Amino acid sequence: MSINENDVVYAMRFIRYAIQRASARHDTVEGIHGFWIEWSEPVPPMSVTQVALERLAAEGMVEPIKMDDRVVWRRCRPV
């Protein structure tokens with residue numbers, strides 16, 4: 001299944017909004033996909049959220065952090 005570019009942009013907008021409102025917020029891709037983004041039916045595949053997070057990471061907005069056997073995403077911390 002191909003990824004809809006409009007869905008990726010939509011997800012990026014919701015993720016940006018969420019971390020701007022609560023900068024300490026962090027979650028797994030599953031949590032972000034299921035709870036941060038207000039999808040309409042039919043809900044796109046989780047790969048859309050993964051692509052959105054990877055693009056935001058490339059922009060320097062979010063970063064993945066390995067915690068035990070999971071990866072959580074959070075707002076990038078200043079160095």
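Biologist: Which backbone nitrogen does the side chain of Glu-63 reach?
Modeller: In this predicted model, the side chain of Glu-63 reaches the backbone nitrogen of Arg-77, at 3.5 Å.

Biologist: And where does Glu-63 lie?
Modeller: Glu-63 belongs to strand β2, which covers residues 62–67. Leaving aside residues up to four places away in sequence, Glu-63 touches Val-72, Trp-73, Arg-74, Arg-75, Cys-76 and Arg-77.

Biologist: Changing topic to α1: how many residues does it have, and how far does it reach?
Modeller: Helix α1 runs over residues 5–21 and has 17 residues. From first C-alpha to last it reaches 25 Å, close to the 24 Å expected at 1.5 Å a residue.

Biologist: What caps its N-terminal end?
Modeller: Asn-4 caps the N-terminal end of α1, with a side-chain oxygen 2.7 Å from the backbone nitrogen of Asn-6.

Biologist: Which residues of α1 are buried, and what covers them?
Modeller: The buried residues are Val-8, Ala-11, Met-12, Phe-14, Ile-15, Ala-18 and Ile-19. Their cover includes α2 (29–36), α3 (46–58), β2 and β3 (70–75).

Biologist: At roughly what angle do the axes of α2 and α3 cross?
Modeller: They cross at roughly 110°, and the axes come within 9 Å. The helix α2 is therefore roughly perpendicular to α3.

Biologist: Which residues meet there?
Modeller: Val-29, Glu-30, Ile-32 and His-33 of α2 meet Met-46, Thr-49, Gln-50 and Leu-53 of α3. By class, this contact of α2 with α3 has four nonpolar, three polar and one charged residues.

Key. Residues are numbered from 1 along each chain as its sequence is written. This is a predicted model: local features need pLDDT of at least 70, side-chain atom pairs count only at pLDDT 80 or more; totals for chains, interfaces and linings use all residues. Side-chain values use heavy atoms; hydrogens and water are left out. Helices (H or I, at least four residues) and strands (E, at least two) are DSSP runs, numbered from the N terminus. A polar contact is a pair of N or O atoms within 3.5 Å; within protein, one must be able to donate a hydrogen and the other to accept it, and residues adjacent in sequence count only if both atoms are side-chain atoms. Contact means heavy atoms within 4.5 Å. The expected span of a helix is 1.5 Å times one less than its number of residues. Buried means under 20% relative accessible area, exposed over 50%, partly exposed in between (1.4 Å probe, protein chains only). Axes are lines fitted to C-alpha atoms, for helices over the stretch in contact, and angles run from 0 to 180 degrees between N-to-C directions. Angles under 35 degrees count as roughly parallel, over 145 as roughly antiparallel, 65 to 115 as roughly perpendicular and the rest as oblique. Ala, Val, Leu, Ile, Met, Phe, Trp, Tyr, Cys and Pro count as nonpolar, Asp, Glu, Lys and Arg as charged, and the others, Gly among them, as polar.
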